[in-house]
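Hi everyone, thanks for making time this morning.

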Amino acid sequence: MTKSIFLLLAGLLTGAAQAAVGSYPVVLVHGFQPDNLQSKPTGTQVADNGSEYWAQYWRDRADARIDWPS
């Protein structure tokens with residue numbers, strides 16, 4: 001019974017999650033990409049790569065995203 005209640009609460013909280021954590025916005029910062037040192041991507045390519053990188057889960061849940069080349 002306790003396990004069922006826990007799973008129900010976890011499901012409800014997950015479904016209701018918003019980007020902001022408390023009153024703080026969620027900002028995604030693309031990490032170091034060593035291949036950027038050699039390929040020297042344009043600003044548009046960096047933004048596209050960042051969007052693709054975060055596409056699976058966070059892209060549509062975050063408040064903002066910062067992309068810059070390594």
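Take the contacts between residues at least 6 apart in sequence: 66% of them join residues at least 24 apart, where contact means heavy atoms within 4.5 Å. Please keep in mind that this is a predicted model, where local features need pLDDT of at least 70 and side-chain atom pairs count only at pLDDT 80 or more, while totals for chains, interfaces and linings use all residues. Residues are numbered from 1 along each chain as its sequence is written, and side-chain values use heavy atoms, with hydrogens and water left out.

Now the layout. The chain has three helices and two strands, in the order α-β-α-α-β along the sequence. Helices (H or I, at least four residues) and strands (E, at least two) are DSSP runs, numbered from the N terminus.

How confident is the predictor? On pLDDT, its confidence in each residue from 0 to 100, the chain has a mean of 76, with 71% of residues at 70 or more.

On to burial. Of the 70 residues, 16% count as buried, meaning under 20% relative accessible area; exposed is over 50%, and partly exposed is in between (1.4 Å probe, protein chains only). Ser51, in helix 3 (residues 43-54), is buried at 19%. Leaving aside neighbours within four places in sequence, Ser51 is in contact with Arg59 and Arg65.

What about the outside? The accessible surface of the chain comes to about 5800 Å², and 59% of that belongs to carbon and sulfur atoms; these areas come from the Shrake-Rupley method with a 1.4 Å probe, and for residues only the protein chains shown count as cover. Val27, Val29, Ile66 and Trp68 form a nonpolar surface patch with about 350 Å² of accessible area together. Val27 belongs to strand 1 (residues 27-29) and is partly exposed at 41%.

Last stop: Lys40, in the loop between helix 2 (35-39) and helix 3. Its phi is near 45 degrees, a positive value in a residue other than glycine. Most residues other than glycine have a negative phi. Lys40 is also exposed, at 65% relative accessibility.

Note on methods
pLDDT = per-residue confidence, 0-100. Patch = residues over 30% accessible without salt bridge, like charges linked within 9 Å, V, L, I, M, F, W, Y side chains within 5 Å. Salt bridge = Lys/Arg side-chain N within 4 Å of Asp/Glu carboxyl O.
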